[in-house]
Amino acid sequence: MNHLFRLLPSMDRVLAHLESGPHMADFAHVPRPLVREAAQAFLDGLREEIKAGLVADEASLSWDTLASRIACFARSFVRPRFRRVLNATGVVVHTNLGRSVLPESAVTAVIDACRHYSNLEFDLATGQRGSRHSLVESLLCQLTGAEAAIAVNNNAAAVFLVLESLCKGREVVVSRGQLVEIGGSFRVPEVMAKSGAILREVGATNRTHLRDYEAAIGPDTAALMRVHTSNFRMIGFTKEVGLDELCALGRERALPVIEDLGSGTLYDFAQAGLPGEPTVRDVVAAGADVVTFSGDKMLGGPQAGVIIGKREHLDVIRKNQLARALRLDKMTLAALEAVLRLYLDPAIARREIPTLAMICATPKELADKARRLARTLKRSVGAHFEVSVRPGASRVGGGAFPERDLPTSLVCLYPLDASLKVDDLRERLLHTDPPLVGRVEDGRFCLDPRTLTIPEFTLAASALALAASGNHC
Ligand SMILES: *Cc1c(COP(=O)(O)O)cnc(C)c1O
């Protein structure tokens, strides 16, 4: 083993190979300490391989063999950790992949907001200090019919801020059927406890009646609350109290009704053949006093949490010191305003907001897109894979339309090289640039064109070519 260690190239030689050798252009703009770290990590990795007995012959330590591995390793080592990926999963609002892709007008607004000074907190009408919250409030009110609005860091923050502002030290009545956990870190009972509000659970897991809420109301009650159960659905012998009924009860007892919509939508998906999610406007019209929803789920905007509702409650929320800690930054505000403006015309929203366009894509559009993707892949990697188009299903994600399948057409690949397992292919594709995330179905690697753009087809083809050749790193 010792003689193998002696064959390892020196640090200087590895560094020179990267900084002044054939790959110098790739590393010219990389901070030097990072290139050094890459070289060190490469050599450390080789030592580990020798120790583990994975490298036992001299040939695999020859400079010719190592030279290309070094460049490949270093290129991936020095890449920013935060990267673009190709989402071929068909899950539109994929929380692990950054949820919503922004429309072009929002991208432009973000660039402007970060490249220049702005009127973030400067009232151009008076030349005096202004409020950042006023930048999106009137649009939110116009789009939802609410009296007042504020946007904060995300919907978890929105729910927390509402409870802390309006219900601290007092009771909030919630149905047991709605005490859900969302995405592992947002649990209604825990958020409630942190906010200082006291959870008053009512009903049974599967059934809650209006009389359960009525019986729970007492002198300590601060609010009645409903929570969208998002990615969880109960079937069978179930009952929840509708918003109309709960709002009538709230009015009768002079208690605010808080609705956490989760995803929330400003677009009526029923027009696109997807009934079942009320719009935020419907919820306001039904009489909810305070409503919260996410900016980056079905809305298709940046990460944000929107709170809308009656002015008396919003005034209290805005004055809470926590509102400052949870406030939006200027780039997010710029993106949010740009996205909201598109909703002023629903037809434009559906066309321009990628999240809406992807959710509303018709089976025919998706079949055409799948055939086009299949053609691109056959042309470029047809020698490595059997390519077929099959019917399949996509999901909206983000807790919207839970358990509902959207019909799509999948492009499925089967490696012709029997030694390439489909799971290994999936794993190799995580190391291409950009990585390609798809799904394995029926022993095939499948791409759902719903969440891929046409310009991304050639990137997917390159990733597959690289993975098939084994030259990914
Ligand atoms: C997603 C969700 C949240 C959390 O929203 P974020 O924007 O991810 O913070 C809260 N409540 C419900 C019902 C949700 O679906």
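The model is predicted: local features need pLDDT of at least 70, side-chain atom pairs count only at pLDDT 80 or more, and totals for chains, interfaces and linings use all residues. Residues are numbered from 1 along each chain as its sequence is written, and side-chain values use heavy atoms, with hydrogens and water left out.

Let's start with the ligand. The residues around it, meaning those with a heavy atom within 4 Å, include Arg99, Ala156, Phe186, His228, Asp260 and Lys297. By class, this shell has 3 nonpolar, 6 polar and 3 charged residues, where Asp, Glu, Lys and Arg count as charged, Ala, Val, Leu, Ile, Met, Phe, Trp, Tyr, Cys and Pro as nonpolar, and the others, Gly among them, as polar. Helix H8 (155-167) and strand E10 (257-262) each give the shell at least two residues; helices (H or I, at least four residues) and strands (E, at least two) are DSSP runs, numbered from the N terminus.

Now for the atoms. On the nitrogen side, a ligand nitrogen is 2.6 Å from a side-chain N or O atom of Asp260. Taken alone the ligand exposes 380 Å², and the protein buries 94% of that (Shrake-Rupley method, 1.4 Å probe; for residues, only the protein chains shown count as cover).

Technical notes. Polar contact = N/O pair within 3.5 Å; in protein donor to acceptor, adjacent residues only side chain to side chain.
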